[in-house]
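Here is a short briefing on helix packing and charged pairs. Look over the sequence and structure first.

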Amino acid sequence: MDFKLTEEHEMIRQAAKDFAKNELLPGVIERDNKQEFPREQIKKLGELGFMGMMASPEYGGGGMDTISYVLAMEELSKVDASASVVVSVNNSLVCWGIDTYGTDLQKEKYLSKLTTGEALGAFCLSEPEAGSDATSQKTTAIDKGDHYVLNGTKNWITNGGNADFYLVIAQTDREKKHKGINAFIVEKSWEGFEVGPKEDKMGIRGSDTHSLNFNDVKVPKENRIGEDGFGFKFAMKTLSGGRIGIAAQALGIAAGAYELSKEYSKTRKAFGTEIMNHQAIAFKIADMHTQIEAARHLVMKAAWDKDQGQNYDLSGAMAKLYASQVAMDVSTEAVQIHGGNGYVKEYHVERMMRDAKITQIYEGTSEIQKIVISRSVLKD
Ligand code: CAA
């Protein structure tokens, strides 16, 4: 067993850390206030290779391992969880999904643009009545021979307004239930595709979340991913890896809030001494540090499982369940340590507390993670 990162991993971590400090930190409060998408920053992340980290080099990807990806996700999320969710969806849902299950043509046409930041992707599974209950797809994709016709509505879609290519899950044959579901690549410019209103969110306000409408959208058959009926498995397999990315995001939010709190406790004085000298604060710091370290081990283990070609459904679900709880606990304590300053925007931790909440909801709620975990451990 070796807990040491390689030199290459350290370099990737440092590059992400520098980017977060130099490019994301300035303006992060303003983007949150104005719900402004970090367009310039995402473009630069694409140029630096952070948008398709694990994808095949022949399609512009970095060919890196999952450990590299979670290290980058942690560092970016310490500063700006809105930017990091854009990175996560593009990397571990859209690029990974097309790279792993797409045809050569789909990879040439779409993946090579998604990996470089030339185009952005979105993953469209959730619907008004199919969030956790993902097999209950109401969006239909009717087979018309050489193409499908898509109709329906998707909800809460990250990158909804800014994406160029959309992975859309829809029901082709209702009789076959989840085995009659397909996944498609849809281009934004296609007739009948419409981006709905932007959601006004509690957290990750810099990322854009929209509903999407499909009105008789013609999708060529060559844009279907995998065999007929593979769509639900595709969504589940893709989400298993996506959950590792969100776990790393949650870890980053917690670690960012912790680092700010540690510094604050060394400078802020109360009752004649720095507040770190009060056990009430020192013990909070001890708890935060311990929780974060435990979450980091779960995240790294899940990433390692994926890199080793082992099953990561269970370890990814555990990492997301635990890290998202740690993000909530640590960011809430960070606000408490900062006192009145913690409640104002300038000190960042109130934003982190708002951002943390979504990590317990998207890419499978904490309750869904418990379903995945309990089914996995109880099946033998
Ligand atoms: N890998 C491969 N196949 C899987 C799988 C996995 N991880 N999990 C389930 N499946 C397969 C099952 O084997 C089964 O197929 P077979 O019948 O051929 O065996 C099929 O999928 C259906 O599985 P279940 O019977 O277990 O289905 P279920 O209705 O009980 O639901 C669930 C399972 C785990 C609860 C699933 O519905 C789920 O994960 N729900 C949450 C959905 C979710 O995460 N949504 C997030 C939206 S995306 C998002 O947030 C992105 C963003 O923008 C940030």
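**Helix packing**

The axes of helix H7 (residues 231-267) and helix H9 (residues 313-342) come within 7 Å and cross at roughly 25 degrees. This is a predicted model: local features need pLDDT of at least 70, side-chain atom pairs count only at pLDDT 80 or more, and totals for chains, interfaces and linings use all residues. Residues are numbered from 1 along each chain as its sequence is written, and side-chain values use heavy atoms, without hydrogens and water.

- Helices are DSSP runs (H or I, at least four residues), numbered from the N terminus.
- Axes are lines fitted to C-alpha atoms over the stretch in contact, with angles from 0 to 180 degrees between N-to-C directions.
- H7 and H9 are therefore roughly parallel (an angle under 35 degrees).

**Salt bridges**

- The whole structure holds 23 salt bridges (a side-chain nitrogen of Lys or Arg within 4 Å of a carboxyl oxygen of Asp or Glu).
- One network of salt bridges links Glu10, Arg13, Glu75, Lys78 and Glu259.
- Lys43 pairs with Glu47 in a salt bridge, with the closest N and O atoms 3.5 Å apart.
- Lys43 is partly exposed at 45% relative accessibility (buried is under 20% relative accessible area, exposed over 50%, partly exposed in between; 1.4 Å probe, protein chains only).
- Glu47 is exposed at 56%.

**Helix H10 (residues 349-358)**

- Arg354 and Glu350 form a salt bridge at 2.9 Å, N to O.
- Both lie in H10, 4 residues apart.
- Arg354 is buried at 16%, and Glu350 is buried at 14%.
- Asp355 and Arg351 form a salt bridge at 4.0 Å; both are buried.

Technical notes: Helix = DSSP H or I, 4+ residues; strand = E, 2+ residues; numbered from the N terminus. Parallel < 35°, antiparallel > 145°, perpendicular 65-115°, else oblique.
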